[in-house]
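Visitor: I'm new to reading protein structures. Could you walk me through some features, one at a time?

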Amino acid sequence: HGIDLSGAGSIEQVAGHVYQLSRDQLGCRFLQRQLDEGGAGAAEAIFGEVIEHVVELTTDPFGNYLCQKLLDHCDAAQRSRVVRRVAPHLVAISLNIHGTRAAQKLVEKLGPGEGASEEDTAAVSAALTEGVLQLIQDLNGNHVAQRCLQKLEPRHNQFIYDAVAERCVHVASHRHGCCVFQRCIDFASPKQMHLIVMRVVDTTVQLVQDPFGNYVVQYVLEQVPAYRPNIVGQMAMSIVELSRQKFSSNVVEKCLQLATPEGQAMMVTQLAQKDQMLQLLQDPYANYVIQRALQVASSPQLEMLFDAIRPHVPLLRSTSYGRRIQNRIAKRCPGGLDNWQTAEEAVAKLVAEGGGAPPMPGDLEDMSADMAQMQLGGISRDAEAAEELPGGLHALRG
């Protein structure tokens, strides 16, 4: 820009040229150094020359770095002027490869403890609400949404939870949306958690079949144990079809690992239906589910599995997955299947010892997924109205 910085040691020497300098690599570095070293006077001088151009500078390859540094050094009144200027353009700025960094910095500076006014924070939230779905699904914008979740109080980031709840499948089954969804879970208040996790529960069967959505369901299973029975109940009622698909079969395995004994029993009972066992044993995905079920099942559900597998043992010897299933059986049943008790015998023994008779394979066909959730001790849909939400995050996480 024809400005010689070689002799410039202070901001006064470049007065009138700050805007040009801010768009040049060396000039921008010089100005950032002035902000770090020159105190409030330097910040005032630089601010005065760039505030008119701040919208344009946020998306400039060099200017965005000055904007970030300026937000670190300006006072509350100056920050309010920045908010008023950029708010109407904030969605477009957030979607820009350079602008996203400046937008993230602005959000950071509106968090608790930063001395920001309620009006500034509300103005930024309102501006981002306009394009929230676009932000969530954008390569650059999703980072601004994540920063709002991380830095803003629940009342100021509620707009993201509302959007995610309203378009749960749309967001969770998107490459960037599924990452934002996971951060929503990380930073949720109990009410926000209930809002979005119940939407995941209601759409579990659809989400687990999706290459991105399945990760959201797995994240809820891992991070929010209070709602595990809800998801396990949904999965159990569709377990046969879900075991035979690539993405959902992974989630079935995770449910078998993480479920309570009651949840495991329900899932295994549904898997152990004799008329479909051969299909499951021969399926490239479901055979892994059967291996996992053989690993975790307890009596008498283990015997239900054995009874369904027994007629097909000769076929197992000829394939690699069949041999893996045989190895699992050998671990649980060292004497061989022929010498092991049947499910009827295992149930009779249980009843003789004073236990109740559990459902047998096929008995649960008429049970709805909602009934299954409640039977397993899931969180009620009306928990919020009844003020029965699980406690804060640490309680939720078990």
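Visitor: How many nonpolar, polar and charged residues are there in the lining of the largest pocket?

Guide: Before we start, keep in mind that this is a predicted model. Rolling a probe the size of a water molecule over the atoms shows where empty space is left. Here, the lining of the largest pocket splits into six nonpolar, three polar and one charged residues. The volume of that pocket is about 160 Å³.

Visitor: Which residues line the largest pocket?

Guide: You can find them in the display: Glu262, Ala265, Met266, Thr269, Gln301, Pro358, Pro359, Leu364, Gln375 and Leu376. Helix α21 (residues 261–271) gives the largest share of that lining, with four residues.

Visitor: And what about cavities, how many of 30 Å³ or more are there?

Guide: A cavity is a space where the probe fits but cannot get out. The count here is one cavity of 30 Å³ or more. The largest cavity holds about 100 Å³ of space.

Visitor: Which residues lie nearest the centre of the largest cavity?

Guide: Look for Val54, Thr58, Cys67, Leu71 and Val82, out of 13 residues that line the largest cavity. Several helices take part: α4 (54–58), α5 (63–73), α6 (76–86), α7 (90–95) and α8 (99–108) each bring at least two residues to that lining. As for class, the lining of the largest cavity has twelve nonpolar residues, one polar and no charged.

Visitor: Now helices. At roughly what angle do the axes of α2 and α3 cross?

Guide: Helix α2 (residues 25–37) and helix α3 (residues 39–50) cross at roughly 140°, and their axes come within 6 Å. To put a word on such an angle, remember that over 145 degrees counts as roughly antiparallel. α2 and α3 are therefore oblique to each other.

Visitor: Which residues of α2 and α3 meet?

Guide: From α2 you have Leu31, Gln34, Leu35 and Glu37, and they meet Gly39, Ala42, Ala43 and Ile46 of α3. Sorted by class, the contact of α2 with α3 has five nonpolar, two polar and one charged residues.

Visitor: How far apart are the axes of α12 and α14?

Guide: The axes of α12 and helix α14 (residues 177–187) are 11 Å apart, and the two helices pack at an angle of about 125°. α12 and α14 are therefore oblique to each other. Their crossing is left-handed. Ile160, Tyr161 and Val164 of α12 touch Val180, Phe181, Arg183, Cys184 and Phe187 of α14. The class tally for the contact of α12 with α14 is seven nonpolar, no polar and one charged.

Visitor: One last thing, the backbone. Is the peptide bond from Ser299 to Pro300 cis or trans?

Guide: Most peptide bonds are trans. The one from Ser299 to Pro300 is cis, and its omega is near 5°. To spot Pro300, go to the loop between α23 (286–296) and α24 (301–309).

Technical notes
Residues are numbered from 1 along each chain as its sequence is written. This is a predicted model: local features need pLDDT of at least 70, side-chain atom pairs count only at pLDDT 80 or more; totals for chains, interfaces and linings use all residues. Side-chain values use heavy atoms; hydrogens and water are left out. On a 1 Å grid over the protein atoms alone, a cavity is a set of points where a 1.4 Å probe fits but cannot get out, and a pocket is an open set with protein on both sides within 12 Å along at least five of seven lines; lining residues have an atom within 4 Å of a point. Grid points are joined across faces, edges and corners, and a volume is the space filled by probe spheres set on the points. Ala, Val, Leu, Ile, Met, Phe, Trp, Tyr, Cys and Pro count as nonpolar, Asp, Glu, Lys and Arg as charged, and the others, Gly among them, as polar. Axes are lines fitted to C-alpha atoms, for helices over the stretch in contact, and angles run from 0 to 180 degrees between N-to-C directions. Angles under 35 degrees count as roughly parallel, over 145 as roughly antiparallel, 65 to 115 as roughly perpendicular and the rest as oblique. Contact means heavy atoms within 4.5 Å. A crossing is left-handed if the near helix is turned anticlockwise from the far one by less than a right angle, and right-handed if clockwise.
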